[in-house]
Amino acid sequence: MKKQFKNIIWLPVYAIIAFTVQSCDDFEQFEPAGANSKADETPPMASFSYSQGQGEGEVWKDYSFANLSTSATTYLWEFEGGTTSSDVDPTFTFPGEGMFTVTLTASDALGVESVFSEIIEVVEPEEPEAIVPTILEQSFEDNSPGSEDCGDGNMDGRDCWRNSNLGGVIQITNSPTQDGSQASKYPSAGDRIAYQELTVSPNTDYKLTYYYTLKTSPVGSVTVSVLAGGGHIDLSAALATTLEDFEGTDQSSSNDYIKVDIPFNTGANNTVSILVTNQGAEARVDNFSIAAD
Amino acid sequence: MKNIIKHINKLNLLVIAIALFSCSDDFLSPPPNSVLNAATFFETEADLEAALVNMYDGIQGVNSTDSNDNHAIQVEFYLTEMRSDNTRTKSSEGEAAQFESYTIQPTNGIVDDYYRSFYNVIFRANTVLANLDIATSENRAKIEGEAKFVRAYAYFNLVRLYGDIPLITSVISTGDTDVQFTRVATSNVYDLIETDLLTAIGGLDNSSKLRGSKAAAQALLAKVYLTRGANYTEAQQLCEAVMGSGFMLQPNFKDVFYNELNSEIIFAIGYQEDSADSQNFSAEWLNAVGRTSGVNYTTADVRTVLNDLGGNRTPYSYRVDTDQPTQFQVVKYLPEEDTALGITSTVTDRTKAGNDWIVLRYADVLLMHVEAIMAGGNDTSVQAALDSFELVRLRAGLLADDDGTITKQELLDERRVELAFENHRLFDLIRFNEAQNVLSAFSTATGGSFNATDLLLPIPQREINLSLGQLTQNQGYN
């Protein structure tokens, strides 16, 4: 009985064991990744851009960072002085001007990392100073510095004041002058003009200063105009763009120069032009200067 | 008789020969003259005029609730005001709620609607330009200017919203996949916009407020320069040119919106109430009048600023929703009566409203004048800027700037309260470089999830599918 029992028990037991061992082959399909898994074709790529704070006070030290990474789930930012952040788009206040390194480490759930680093130059933005232009041949002297490129390159004190579209070239006189040994002279016929373009800052107040004198007769005047823009080729169209002008009419002495200040605002212009015209009497003009208010 | 039979073969040949030679090609396939098609439509200048009007029809969009129609400017508020700190959906419903929470999906139907609508407008403009040769020499500059103005307007909106976009400057066919699906850098798109607007300024006059005009092109070009952060002096000159063209602020803020084609309007999209040329955005901004239960409802944030800084503009900017008094609606484009505000009803069916949509108005130009003089700086004290700023403030019943200096923040706030709900806020924030700061803080406070990459919309998934992978998606969208 026992022997028979043993035989009866062992057979099914062997059978069960045999089946189990064989069917274990099927368990391989439930095995985790091995030779059949694919590599991640889009690993994380770290990248960022940044922008400086704008406004009054110390805001220029505050930078905000825009995260441009792809295929990443966690981020680690490293800033100056050991500060870190795990935000997606952090902001950071730098201690002051200088070159600072910012590093972003982007990683995904598989633990793959990508590092992107950039050196940021932090500079306090300066209020742009108003441009103060240089008036070439400002006193109509020979060989004035910077006048080599004007006109014919003669450097005779009037090449930088030529504009044949608006009028004839000025004459030069050496008596009387207000400054130096030469001044510009405008015969009574009124057909000579002086013209020069200046680069300026827009929406800025300037003051143009010059000196003039007129012969005592016949009745006449000399006008200095500040024109908007440059490239003027027609006299009446040019005069229509006048920002400010002054007509000098003092004919009490032909030897004494009179000082004139013309304050003006440049408005929506990056360039202004000086134009000198006269009518009726012979005129002399000398010593132009310009300053920003 | 016999002769005929004898020669029957020759006769047959003769008949066949005559038959073959007498039929011209056109005899068997004449051109269709009862059915118009694009190849044969453009014959006279009147046809070009019809094509010009067609461009504005494209910008108007279709008034329907079918999401497959092109709604164009009628859905612009979703992509601009509702992505800013000004408005939101009333009840966070549907895909419209993706905008306020900065969780926009590339499959968003409204994003796709706007994109394809405005590329369709560009196609309509390019069609005019392709047939420009039939214009008379006296009108050619005007027609070209008008088409290029509309094209530049469409590209300006698309480039600001989507970033790098396909640049299409001629009529193409579905086979031209390269130009359809190649994203061009924004700087090149802006270069085309600038060239087109300069052409428009040269060719147009100021005879219309519902069509392209010289002043509209000048104002738009000033805005383009300010957006690019360059040519500030030119922007100032353009604003000053518009300021010398005869536009004026309306003394009453209400009349800007409820007195059509008034002195302040520079360019508006016209609608006709209770007709096929009506609009439905006015209804959508009400409580369950349109298809939604209410969109473009004001945020608490904008109400606070309007209460503080709006002056007499505030009651004409938002009001309480009487059906749901904890919510507040936009007032500027009401299609219905509001006796407390003195607004009369203009329409029998509120979903077919006739309120024109204002694209450019004079107050915007005055504030752009200040921005151009500020030239990217932090503040300005220039008298011309103070004067322009003062005009806007005095009309609002407020005093001029009190300390003789207008700061960037003051200008940004003044633009917000003057132009609230007119689809400017998002672009203003981006242009002033305050978008990331302001919207991150706003999003944190309202439970959204703003990232810097949310400043651009996704390229619609439909376009990416059509391109068979040639179009790339914007950062931050999958």
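**Figure 1. Overall build of chain A.** Of the contacts in chain A with a separation of 6 or more, 66% are accounted for by residues 24 or more positions apart, where two residues are in contact if their C-beta atoms, placed from the backbone, lie within 7 Å. This is a predicted model, in which local features need pLDDT of at least 70 and side-chain atom pairs count only at pLDDT 80 or more, while totals for chains, interfaces and linings use all residues. Residues are numbered from 1 along each chain as its sequence is written, and chains are lettered from A and ligands numbered from 1 in the order in which they are written. Chain A holds 2 helices and 16 strands, these being DSSP runs numbered from the N terminus (helices are H or I, at least four residues; strands are E, at least two). The radius of gyration of chain A is 42 Å, whereas a compact globule of 293 residues would have one near 19 Å; the radius is taken over C-alpha atoms, and the globule rule is 2.2 Å times the number of residues to the power 0.38. Along the principal axes, the C-alpha atoms of chain A fill a box of roughly 160 × 40 × 35 Å.

**Figure 2. The side of chain A that touches chain B.** The contact draws 15 residues from chain A and 19 residues from chain B. On the side of chain A, strand β2 (residues 62-67) gives the most, with 3 residues. That side of chain A divides into 5 nonpolar, 8 polar and 2 charged residues, where Ala, Val, Leu, Ile, Met, Phe, Trp, Tyr, Cys and Pro count as nonpolar, Asp, Glu, Lys and Arg as charged, and the others, Gly among them, as polar.

**Figure 3. Two packed helices in chain B.** Helix α5 (residues 45-60) and helix α9 (residues 140-162) of chain B pack at an angle of about 20°, with their axes 10 Å apart; axes are lines fitted to C-alpha atoms, for helices over the stretch in contact, and angles run from 0 to 180 degrees between N-to-C directions. The helices α5(B) and α9(B) are therefore roughly parallel to each other, a term used for angles under 35 degrees. From α5(B), L48(B), L52(B) and M55(B) meet I143(B), E146(B), A147(B) and V150(B) of α9(B). By class, this contact of α5(B) with α9(B) has 6 nonpolar, no polar and 1 charged residues.

**Figure 4. Cis peptide bonds in chain A.** Most peptide bonds are trans. In chain A, however, a cis peptide bond joins S175(A) and P176(A), with omega about -10°, and P176(A) lies in the loop between β8 (171-173) and β9 (183-186). Another cis peptide bond joins S217(A) and P218(A), also with omega about -10°, and P218(A) sits in the loop between β11 (205-214) and β12 (221-228) of chain A.

**Figure 5. Positive phi in two loops of chain B.** Most residues other than glycine have a negative phi. N433(B) has a positive phi of about 65° and is found in the loop between α20 and α21 (435-446) of chain B. N433(B) is partly exposed, with 17 other C-beta atoms within 10 Å.

Technical notes:
Angles under 35 degrees count as roughly parallel, over 145 as roughly antiparallel, 65 to 115 as roughly perpendicular and the rest as oblique. A residue is buried if 20 or more other C-beta atoms lie within 10 Å of its own, exposed if 12 or fewer, and partly exposed in between; C-beta atoms are placed from the backbone.
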